[in-house]
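My notes are below, in the order I looked things up.

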Amino acid sequence: MMNIQPLKSFSSSVLVTSCIDDHITTVAAWAGKETRAMYADAWRFVYQENPQDLLMNQVSYPKLNLELLEQYHGLQISFTERDFTGTTLNSNQDEEVYLDRLEKELCSGMPVLVGIDVFYCPWSETYLKSHARHSSLAVGLDRPGREIHLVDSYYGITSTAFALDVFLAASPYYACFSSDPSFRLNPDWRTLLSTSLFNADHGLTPQDVLQDLRTFALAYLENGIVTADPEAYMIPFMHQFMKFPLARMRYSSFLLYMYEISGEQKLHVLSGQFSELAKRWEAMMHQVMKCFFSGNSITQREKMYQKMLKMIAKEEELFRCLENLA
């Protein structure tokens, strides 16, 4: 069994983090690797207006850029989805294949990132209360004893035995790591920052994103969050809105990495300002939720709309500074 200590991906008072980020950070640190170039495009927000859909379902942020993680840090991650619908197992025909792969990876000395339904995690606040996709790290496997040993960096849980049969019925995916110990790259920070902001392959500019944020804010002002079943929508709503502060924490972390390899003090300041924006978006998430459950008042929405515009204006200022640096 591997002795891997759980690590958080961000050092911040922001409560919203990501279990995937935490586990990639944990494995990377254990392997002597960096990760933060994968956050270079975290700012790319898209709002696709669709009157037939719920407001928060019209919002998207990019997934983690695993190509940049490999390109700049030499750490590869390969995800495999199992036959699940959400957190419901459709078929267990791959169980032996899954166990064989876990055993192979663990015997080679690499942990495995595994999906797990938090409903079955005793250390989670939603244990036996609600279902949601989560992740952990598999660090040991006892097939004869029907146990798997998990580390949960999101909750700060060190190696814990977990019933293997429960795990297999609640694990919708897994991801294997590979790392070249000899990989060394000293990236040019200005080139990486410029690629982050001006990469035409992605078809988005900071100005596009800022305009989409304003359009989203206006749509919220006009309609608020409307759903026939507020209780059922609460968890999906939180998962969607948490992407706003999470994206800013990720980009703050990327800029801090840029500062560390460049020594450019402005990047350190900008990193801190994006971190502050993450806190403000997190506070906004709670205010929107409060309004959502207390009548969807237009007066409250107007106040939050004005706050959103101020935050977006601040982001526009920060992007101008970054563009000048790049």
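Predicted model: local features only at pLDDT ≥ 70, side-chain atom pairs only at ≥ 80, totals over all residues.

**Cavity.** I searched the whole structure and found one cavity of 30 Å³ or more. My rule, on a 1 Å grid over the protein atoms alone: a cavity is a set of points where a 1.4 Å probe fits but cannot get out, a pocket is an open set with protein on both sides within 12 Å along at least five of seven lines, and lining residues have an atom within 4 Å of a point. Grid points are joined across faces, edges and corners, and a volume is the space filled by probe spheres set on the points. The largest cavity comes to about 70 Å³. Its lining is Trp43, Phe45, Tyr61, Val209, Leu213, Ala247, Arg248, Tyr251, Phe274, Glu315 and Phe319. Two or more of these residues come from each of α6 (206–223), α8 (243–262) and α10 (298–325). I take helices (H or I, at least four residues) and strands (E, at least two) as DSSP runs, numbered from the N terminus. α8 gives the most, with three residues. By class I get nine nonpolar, no polar and two charged residues. Ala, Val, Leu, Ile, Met, Phe, Trp, Tyr, Cys and Pro count as nonpolar, Asp, Glu, Lys and Arg as charged, and the others, Gly among them, as polar.

**Ground rules.** Residues are numbered from 1 along each chain as its sequence is written, and side-chain values use heavy atoms, with hydrogens and water left out.

The largest pocket has a volume of about 1600 Å³. I count 44 lining residues, with Ser18, Cys19, Arg133, His239 and Met242 nearest its centre. The elements giving two or more residues there are α1 (19–30), β3 (75–81), β7 (133–142), α7, α8 and α9. The second largest pocket holds about 370 Å³. Its lining has seven nonpolar, 11 polar and four charged residues.

**Helix α10.** Next I followed α10, one of the cavity's helices.

**Glutamine 240.** Where does glutamine 240 sit? I found it in helix α7 (residues 230–241). Glutamine 240 is buried, at 14% relative accessible area. Its side chain makes a polar contact of 2.7 Å with that of lysine 243. That term means a pair of N or O atoms within 3.5 Å; within protein, one must be able to donate a hydrogen and the other to accept it, and residues adjacent in sequence count only if both atoms are side-chain atoms. Glutamine 240 also touches Met56, Asn57 and Val59, not counting residues up to four places away in sequence.

Arginine 146 has phi near 55°, positive in a residue other than glycine. At 32% relative accessibility, arginine 146 is partly exposed.

Methods: Buried < 20%, exposed > 50% of the residue type's maximum accessible area, 1.4 Å probe, protein only. Contact = heavy atoms within 4.5 Å.
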